[in-house]
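Subject: Structure for your review

Dear colleague,

Please find below a structure that I am handing over to you. I would ask you to look through it first and then to read the notes that follow.

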Amino acid sequence: CSSLAGSMLLEVFLVLGAVIIYFLVSKKKEETLPFKEGWWGKGQKPVAEGDTTIRPFKVETTEEELSARFTEPLENSCFQYGINSAYLRKVVSYWKNQFNWKKQVEVLNKYPQFKTKIQGIDIHFVHVKPPRLPEGQSAKPLLMVHGWPGSFYEFYKIIPLLTDPASHGLSDEHVFEVICPSIPGYGFSEAPHKKDFNSVSAASIFYELMLRLGFNEFYAQGGDWGWLICTNLAQIAPNHMKGLHLNLASVTNMGFIQLLSILLGRYLPGLFGFQDEDVRRMFPFLKKGLYRILSESGYAHIQATKPDTVG
């Protein structure tokens with residue numbers, strides 16, 4: 001009993017001691033801050049004393065301000081804080097006054113386009129068949145998936161090289177039948193109406209699309225989000241995909257060697273197979289790697305967490 005009482009007493013003292021230490025350490029100290037003299041107006045601070053008058057103010061506005069108002073960008077800020085409003089004016093002016101939508105519609109309709117409902121939403125796709133085939137040869141079905149911020153139009157210049165290579169001075173050993181869908185929510189594909197639609201969902205829809213078009217076996221090409229959708233598709237239907245080509249690849253496994261290359265690669269590049277250009281791009285790693293990612297990936301974070309805000 002005495003040992004039990006002693007241990008209980010010790011616990012009480014330890015808890016009291018911890019509480020006292022906490023209050024001593026966390027006790028709010030009164031701090032004074034120095035007055036900070038600054039100049040936040042336009043241009044350089046004038047030598048002469050500025051206007052110090054106090055003027056009456058009344059809220060007023062004009063139709064011009066209500067119809068289109070751009071805030072001025074911070075001086076010398078470029079795009080460090082996001083979109084630069086001076087540049088935004090040019091973009092808005094181009095779309096309002098110069099862009100020829102009627103001409104673009106003609107360009108878009110250059111290739112046959114279709115829609116089909118899969119899993120409850122309309123899926124848009126371009127489907128281009130070869131104009132001619134060498135005797136005894138069949139076309140290879142090729143699914144091409146775009147990314148963000150892109151569309152099926154990304155592939156318009158390469159489609160003729162794939163479907164009619166001989167007419168462009170290329171070998172006709174491989175002739176493709178090209179299918180370019182719009183990712184749901186992009187272009188002319190209907191957006192999902194339910195939450196939790198992801199790259200696996202898109203891959204599943206495109207798998208159904210290829211089967212509906214009669215392709216039990218096919219090839220796929222993806223870049224940007226297309227790389228992940230097509231990779232997912234290869235994992236969903238490995239026996240149906242005959243080949244996968246990606247122009248973006250994500251390496252996520254970080255092992256001991258990779259960590260060591262970050263720490264020592266600047267000083268021993270040959271040990272890790274780094275070339276001069278690799279060293280130039282990677283180091284100093286904190287500045288060019290971590291800090292750059294943190295300062296330039298705001299768009300990715302807001303789209304990953306609050307996509308409707310951007311939309």
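**The nonpolar cores**

The largest nonpolar core has 24 residues, and those with the most contacts inside it are Leu-143, Val-145, Ile-179, Phe-206, Phe-218, Ile-229 and Leu-233. At least two residues of this core come from each of β2 (121-128), β3 (140-145), α6 (199-212), β5 (218-222) and α7 (225-236). The greatest contribution is that of α6, which gives seven residues. Apart from this core lies another one, of 14 residues, and among them are Tyr-111, Leu-142, Phe-155 and Phe-176. Please bear in mind throughout that this is a predicted model.

Which residues does Val-145 touch, if those up to four places away in sequence are not counted? Its partners are Phe-155, Pro-181, Ile-183, Phe-206, Gln-221, Gly-222, Gly-223, Gly-226, Ile-229 and Cys-230. Val-145 and two of these partners, Phe-206 and Ile-229, are also listed among the residues with the most contacts inside the largest core.

**The chain as a whole**

The chain has twelve helices and six strands. Its radius of gyration is 31 Å, whereas a compact globule of 311 residues would have one near 19 Å. The C-alpha trace spans about 90 × 80 × 50 Å along the principal axes of the chain.

Of the 311 residues in the chain, 25% are buried. The chain exposes about 24000 Å², and carbon and sulfur atoms supply 59% of this area. Among the contacts with a separation of 6 or more, 60% are between residues 24 or more positions apart. As for charge, there are 32 positive and 30 negative side chains, and the centres of the two sets lie 2 Å apart.

**Points to note in the backbone**

The bond from Trp-148 to Pro-149 is cis, with omega near 0°. Pro-149 belongs to the loop between β3 and α5 (159-163). The bond from Phe-283 to Pro-284 is also cis, and its omega is likewise near 0°. In this case the proline, Pro-284, is placed in the loop between α9 (276-282) and α10 (285-296).

Asn-76 is not a glycine, yet it has a positive phi of about 60°. Cys-78 is not a glycine either, and its phi is positive as well, at about 50°. Asn-76 lies in the loop between α2 (63-67) and α3 (85-98), and Cys-78 is found in the loop between α2 and α3 too.

Are these two residues buried or exposed? Asn-76 has a relative accessible area of 74%, which is over 50%, and so it is exposed. Cys-78 is exposed for the corresponding reason, because its relative accessible area is 53%.

**Three further positions**

Pro-56 lies in the loop between α1 (2-26) and α2. With a relative accessible area of 83%, Pro-56 is exposed. How far apart in space are Pro-56 and His-240, which are separated by 184 residues in sequence? From C-alpha to C-alpha, the distance is 75 Å.

Leu-211 and His-240 are 29 residues apart along the chain, and 9.5 Å separates their C-alpha atoms.

Ser-297 is located in the loop between α10 and α11 (298-305). Its relative accessibility is 25%, so Ser-297 counts as partly exposed under the same cut-offs. Ser-297 and Gly-222 are 75 residues apart in sequence, and their C-alpha atoms are 22 Å apart in space.

With kind regards

Notes
Residues numbered from 1 in each chain as written. Predicted model: local features only at pLDDT ≥ 70, side-chain atom pairs only at ≥ 80, totals over all residues. Heavy atoms only, no water. Core = buried A, V, L, I, M, F, W, Y, C linked by side-chain atoms within 4.5 Å. Buried < 20%, exposed > 50% of the residue type's maximum accessible area, 1.4 Å probe, protein only. Helix = DSSP H or I, 4+ residues; strand = E, 2+ residues; numbered from the N terminus. Contact = heavy atoms within 4.5 Å. Rg over C-alpha atoms; globule rule 2.2 N^0.38 Å. Areas by Shrake-Rupley, 256 points an atom, 1.4 Å probe, with all protein chains shown as cover. Lys, Arg positive; Asp, Glu negative; His and termini not counted. Charge placed at Lys NZ, Arg CZ, Asp CG, Glu CD.
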